Amino acid sequence: MKWLKGLLALVLGLPLLILFIALFALFLENKSTAYLNIKDHPEWKNQSWCIRHVNIIPMNQDTVLLDQDLIVEDGIITAIGPNLEANNLKVIHGGGAYLSPGLIDMHMHLWDRHELGLYLANGVTSVRSLLGMPFHLQVKEEIESDEIMGPDFYTSSPQLSGPEDGDPLKKPVSSPEETRALIQGYQNQGYDFIKTYNLLEKDCFDAAIAECEKLKIPLIAHPSFKVDYSYHMQPGISSVEHTEDIFQQALDYQYDREKLDLVIADYAQSQQALCPTLTVFFNLSEIYRLKEDFLKREQNHYINPFIEFAAGDYERHIAQLEADSSAGDRIWKQHQFHLEIVKKLHEAGAFIICGTDAGIVGTAAGYSIHHELEFYRQCGMTNYEALRTATWNPSKVHPQFKDCGSIAIGMKANFILSSQNPLEQISRLEKPIWVMQKGRKLEAKSLSEFEAKAHDRSNLLPPQCGCSSICFGINKSGGAF
């Protein structure tokens, strides 16, 4: 009987051990990211300014407003014009630099708080998190209550998928009733959006769309293989994710340009928002090209080390390359086709919003948005058109983004100050002179600290995930989330 008592003690003690590990990991991570605490930075408390002599890129039109002043009060723009009265506000001398709206990443995945600083260091002042977990609600509350510095943070629910989806980070549903109940619960918990995934059955998808419309909570779709691709063009879906799914789902892995023209016509006619996430698939192709050198890339140092370890993306794709020497050429060809798809969509007038899928397959927080915008340039967009996908366009998709994405009276003071005009060279946004987040000015020194703190960080657990569904729920297909 002793062995039975021992086994019972082990079974009862295991949950306590997991809880202890989770709490300890959370303590360590909160300590390691204390540099984001607003209360410890007196210079971040001020949210009211008079900014003088800047060239403003408003992004609600293709123009530059030369030599303007701008008044910010409590984090909101209240006046724009030449020679404005400072009215006892602190003055920032812009020196003829260029002020543009903060960037918006409409498809990212957050694994730890270090990544919040990385977004800001790269001029990303708003994000849409699309792999919802409970700790995201805590991060959202900390940012909204001005406890920690971070981009405006909005998060989807856990992803609703079909019953055969075995990924612990997904929520499988098997009936419309279960779907509706979950959506109601997620809204009550504070999630901003509902996210659906690629194995969701049609009856549950229909229920999700109807329930989201009823509750007025936006629905975001990773295309489901259980319905026709054209199903995703309906108004009840706020945006469709991933160019790769046009190839994989709509075209059934075929380079069928005649069928592609029909998909493009659907997008153009419906004006459904597409979030391309070209960067993540390009990074996947880099595994095949670089092989062991992929692990030495600088941006890999800015990714949660546990995710890099647990995902196994590198090992899985290297094994595929060893089994099929042509796999690399096939993946590269698909990436090039993705560029062609986005080019055709843009030429047809489709509505595109910028997202990177940061957080998976070597796609680093913050840095990846500059890669994504460069891909849009390769697809034929002007600098203004590319930048619009990461500013003005997102503000038209969800009410959460209605007060950001442009520089105008009544909008949030989320800015990037750059030394030269990004409409002439968009890469100028990669190294801001300073960034402003809700009126809080982040000097270059702070932005560099955010990068340094996140570089080679040692947190081998993503502690906010809670150490349960958590640590092992990586997308085994190696594709997009």
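This is a predicted model: local features need pLDDT of at least 70, side-chain atom pairs count only at pLDDT 80 or more; totals for chains, interfaces and linings use all residues.
**View A. A three-stranded open sheet with parallel pairing.** The strands are arranged in the order S6-S7-S8. Strand S6 (103-108) and strand S8 (152-155) form the edges, each pairing on one side only. From one strand to the next, the twist averages 15°.

**View B. The pairing of S6 with strand S7.** Strand S7 comprises residues 124-129 and runs parallel to S6, to which four bridges join it. Within this pairing, Ile104 has Ser126 of S7 as its bridge partner.

**View C. Helix H2 on the sheet.** Helix H2, formed by residues 114-121, packs on the sheet and touches S6, S7 and S8. The direction of helix H2 makes about 130° with that of S7.

**View D. Helix H12 across S6 and S7.**

**View E. Strand S5 and its pairing with strand S1.** Strand S1 (residues 49-56) and strand S5 (residues 98-101) are paired in the parallel sense, with two bridges between them. Ile56 has Leu99 in S5 as its bridge partner.

**View F. Strand S5 and its pairing with strand S16.** Strand S16 spans residues 415-418 and pairs with S5 in the antiparallel sense over four bridges. Here Leu99 stands opposite Leu417 of S16.

Methods: Residues are numbered from 1 along each chain as its sequence is written. Side-chain values use heavy atoms; hydrogens and water are left out. Two strands pair if DSSP finds at least two bridges between them. Axes are lines fitted to C-alpha atoms, for helices over the stretch in contact, and angles run from 0 to 180 degrees between N-to-C directions. Contact means heavy atoms within 4.5 Å.
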